Amino acid sequence: MNSGSHHDKAVQLIKECGASATAARIQVLQLLLAANTTASHQALMQAATNEAQPLDKVTLYRVLDWLVARGLAHSVTGQDRVRRFGVAHVHHGHAHFECDACGRLFCLADCPSTQPRTPPGFEARHIDVTVHGRCAECLQASA
């Protein structure tokens with residue numbers, strides 16, 4: 001997907017949830033759509049700066065929280081306690097892979113997380129499943 005189609009997809013997703021497609025919302029969702037892995041707040045700020053469209057860090061935090069609340073993005077926290085974000089519409093209820101060598105987190109689309117049974121009267125709202133190991137790039141680098 002090129003940046004134009006990322007822009008169009010971002011606008012479409014925001015409008016589908018009945019919200020205004022503001023410039024900041026479009027930009028952040030576009031960055032998430034372009035990423036091939038989850039991205040931290042810092043990585044997203046750097047990507048925006050690299051595209052000559054820097055974002056204020058508070059605006060970025062607010063937009064990310066808004067995207068997560070609307071179900072357009074999801075967040076996962078790695079062992080380093082850094083919160084990372086990815087596009088949620090691609091696949092719901094999935095697991096993640098965290099590379100122990102480089103710390104990157106990847107969505108595992110073909111590995112859905114399962115909903116465990118909760119005791120009667122309990123309501124599960126969120127589950128995190130993370131597989132740990134080394135990514136292909138780190139394995140190749142060590143060979």
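## Ground rules

Residues are numbered from 1 along each chain as its sequence is written, and side-chain values use heavy atoms, with hydrogens and water left out. Because the model is predicted, local features need pLDDT of at least 70 and side-chain atom pairs count only at pLDDT 80 or more, while totals for chains, interfaces and linings use all residues.

Helices (H or I, at least four residues) and strands (E, at least two) are DSSP runs, numbered from the N terminus.

## The sheet

Three strands form an open sheet in the order β1-β3-β2, with antiparallel pairing. Two strands pair if DSSP finds at least two bridges between them. The edges are β1 (39–40) and β2 (73–77). Each has a single partner strand, so one side of each lacks a neighbour in the sheet.

Strand β3 covers residues 83–87, and two bridges join β1 to β3. Here Ala39 stands opposite Phe85. Helix α2 packs on the sheet and touches β2 and β3. The direction of α2 makes about 85° with that of β3. Such angles run from 0 to 180 degrees between N-to-C directions, and axes are lines fitted to C-alpha atoms, for helices over the stretch in contact.

Five bridges join β2 to β3. Thr77 stands opposite Arg83 in β3. Four of the five residues of β2 are buried (under 20% relative accessible area; exposed means over 50%, partly exposed in between, with a 1.4 Å probe and protein chains only).

## Helix α2 against helix α4

Two packed helices are described by the angle between their axes and the distance between the axes. Helix α2 spans residues 23–34 and helix α4 spans residues 57–69. They pack at an angle of about 75°, with axes 10 Å apart. The two are therefore roughly perpendicular (65 to 115 degrees; under 35 is roughly parallel, over 145 roughly antiparallel and the rest oblique).

Contact means heavy atoms within 4.5 Å. From α2, the contact uses Ala24, Arg25, Val28, Leu29 and Leu32. From α4 come Thr59, Leu60, Val63, Leu64, Trp66 and Leu67. Nine of these residues are nonpolar, one is polar and one is charged. Ala, Val, Leu, Ile, Met, Phe, Trp, Tyr, Cys and Pro count as nonpolar, Asp, Glu, Lys and Arg as charged, and the others, Gly among them, as polar.

Which side do they take?

The axes of α2 and α3 come within 10 Å and cross at roughly 105°. These helices are therefore roughly perpendicular to each other. Gln27, Leu31 and Leu32 of α2 meet Leu44, Ala47 and Ala48 of α3. Five of these residues are nonpolar, one is polar and none is charged.

Ala52 follows α3 and lies in the loop between α3 and α4. Ala52 is not a glycine, yet its phi is positive, about 60°. It is exposed, with a relative accessible area of 65%.

Arg81 sits in the loop between β2 and β3. That hairpin has five residues between its strands. Arg81 is not a glycine either, and its phi is positive, about 65°. At 74% relative accessibility, Arg81 is exposed.
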